[in-house]
Amino acid sequence: MRKPNIAILGATGVVGREITQIVDEMKIPYNEIKFLSSAKSAGTEIKFQGKKYIVEEAKPESFDGVNIVLASAGGSTSQKFAPEIVKRGGVLIDNSSAFRMEEDVPLVIANVNDEDLKKHKGIISNPNCSTSQLMLVLKPLHEKAVIKRLLVSTYQAVSGAGLAAMKELTADTKANLAGEPFENKCFKKPISFNVIPQIDVFCENGYTKEEMKVVNETKKILHLPSDLPISCTAVRVPVYKGHSEAVDIEFEKEITPDEVREILKNSFGVKVIDNPDNYEYPTTRDAAGVDPVFVGRIRKNLAFKNGISLWCVADNLRIGAALNTVRICRKVIEMDLF
Ligand SMILES: NC(=O)c1ccc[n+]([C@@H]2O[C@H](COP(=O)([O-])OP(=O)(O)OC[C@H]3O[C@@H](n4cnc5c(N)ncnc54)[C@H](OP(=O)(O)O)[C@@H]3O)[C@@H](O)[C@H]2O)c1
């Protein structure tokens with residue numbers, strides 16, 4: 001197996017730090033590794049596998065000789081550097097939404113649609129965090145009973161909006177408890193002791209961009225018909241880490257809650273916690289810092305024929321971003337696609 005030279009772009013951000021940690025945990029093979037940021041954090045020291053590295057400011061020349069770039073530095077940064085990376089023969093695995101819906105860019109959840117990786121032309125996209133955790137759950141159920149309609153309501157942690165948003169939750173909470181005024185910057189409304197029904201900007205159809213990402217990315221990853229009805233309501237909650245989702249699925253074929261439990265118990269990346277009699281169901285705290293997508297509250301949906309409702313929780317920074325990025329990196333190495 002060939003070993004790549006790897007660059008982590010956005011290494012000083014919330015997702016970049018997590019990527020760095022998971023590259024270590026998963027023992028990703030590499031020849032050389034480098035850490036890149038904007039000018040602001042250039043010079044920062046990073047300790048990785050017992051060695052000290054100095055974070056460098058990302059410039060086009062930074063990608064000379066780099067085979068795989070793991071990027072989480074925002075859409076405009078990815079757009080700026082993608083041509084430089086591809087021109088130098090590198091593969092960009094990108095966390096931003098910049099290329100996700102482009103025809104020739106595979107949008108991949110590892111172990112769900114790995115075959116799509118073979119079609120890459122230098123750029124591979126990592127899906128949005130709320131889509132990501134859902135795919136590992138929906139894929140095996142879709143294979144068994146065929147999805148006909150999907151409704152998703154999300155309860156998303158502030159870390160999904162980056163480091164500044166996490167700091168804002170802390171500062172806003174302290175100010176609120178002290179009875180002091182606080183000016184929120186990351187969110188349109190105060191986030192402490194509040195629930196905000198807006199993530200990203202509103203589209204013409206009344207949905208937000210975040211909600212439309214769930215609709216469109218789900219169809220692309222699972223190869224669903226473009227007119228399959230999917231609806232999402234995305235909500236920000238005052239939680240640091242972990243996205244939760246209430247999911248209602250209508251299937252073409254009959255499927256029972258017991259069958260769903262059995263299928264998901266044997267599915268990659270999923271852990272079922274579902275014993276309501278003992279108050280056993282997953283919460284965001286169960287998911288923070290660990291890999292599985294947890295599923296519980298599996299029950300027959302009363303509104304649909306062949307309907308199932310379930311509750312699904314995962315660490316948005318891991319499966320929703322960094323873990324899947326690193327899993328894709330491992331697949332690219334194993335499938336010799338760089
Ligand atoms: N947080 C999530 O759950 C999540 C999930 C999926 C996808 N994403 C995506 O991942 C990306 C990063 O998110 P985040 O939450 O980690 O944000 P963040 O905490 O704000 O970190 C941003 C990182 O990008 C770097 N950066 C910014 N501008 C740059 C530039 N011009 N050139 C090079 N590096 C630059 C920053 O470097 P400095 O330290 O120098 O500023 C920092 O390392 C975004 O595209 C986001 O949409 C996030």
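**View 1. Residue classes in the shell around the ligand.** By class, this shell holds 9 nonpolar, 18 polar and 1 charged residues. Ala, Val, Leu, Ile, Met, Phe, Trp, Tyr, Cys and Pro count as nonpolar, Asp, Glu, Lys and Arg as charged, and the others, Gly among them, as polar. The model is predicted: local features need pLDDT of at least 70 and side-chain atom pairs count only at pLDDT 80 or more, while totals for chains, interfaces and linings use all residues. Numbering starts from 1 along each chain, as its sequence is written. Of the 28 residues around the ligand, G10, G13, S41, A73 and G162 come nearest; a residue is near a molecule or strand if its C-beta atom, placed from the backbone, lies within 6 Å of it. Two or more residues of the shell come from each of α1 (14–25), α2 (75–87) and α8 (318–334). The most, 3 residues, come from α1. Helices (H or I, at least four residues) and strands (E, at least two) are DSSP runs, numbered from the N terminus.

**View 2. The two domains.** The chain is divided into domain 1 (6–127 + 321–334) and domain 2 (131–316), with bounds from an automatic or database domain assignment. Their centres, taken over C-alpha atoms, are separated by 25 Å. The contact takes 14 residues from domain 1 and 17 residues from domain 2; two residues are in contact if their C-beta atoms, placed from the backbone, lie within 7 Å. On the side of domain 1 that touches domain 2, α8 gives the most, with 3 residues. By class, that side of domain 1 has 8 nonpolar, 5 polar and 1 charged residues. Each domain also gives at least three residues to the shell around the ligand.

**View 3. The open sheet.** In this view, 6 parallel strands form an open sheet in the order β5-β2-β1-β6-β7-β8. β5 (56–57) and β8 stand at the edges with a single partner strand each, so one side of each has no neighbour in the sheet. Two strands pair if DSSP finds at least two bridges between them. Strand β2 (residues 33–37) is joined to β5 by 2 bridges, and S37 stands opposite E57 in β5. β6 and β7 pair in the parallel sense over 4 bridges, with A71 opposite D94 in β7.

**View 4. Strand β7 and helix α2.** α2 lies across β1 (6–9), β6 (68–71), β7 (91–94) and β8, running at about 155° to β7. Axes are lines fitted to C-alpha atoms, for helices over the stretch in contact, and angles run from 0 to 180 degrees between N-to-C directions. Both faces of β7 are covered, with V91 and I93 buried on one side and L92 and D94 buried on the other. A residue is buried if 20 or more other C-beta atoms, placed from the backbone, lie within 10 Å of its own, exposed if 12 or fewer, and partly exposed in between.

**View 5. Loop residue N128.** N128 is found in the loop between β8 (123–125) and α3 (129–145). N128 counts as buried because it has 28 C-beta neighbours inside 10 Å. Not counting residues up to four places away in sequence, N128 touches S97, K213, V214 and E217.

**View 6. Loop residue A157.** A157 is found in the loop between β9 (147–156) and α4 (163–178). With 26 other C-beta atoms within 10 Å, A157 is buried. Leaving aside neighbours within four places in sequence, the contacts of A157 are V239, Y240, K241, G242, H243, T284 and N316. A157 and T284 are 127 residues apart along the chain, and their C-alpha atoms are separated by 9.0 Å.
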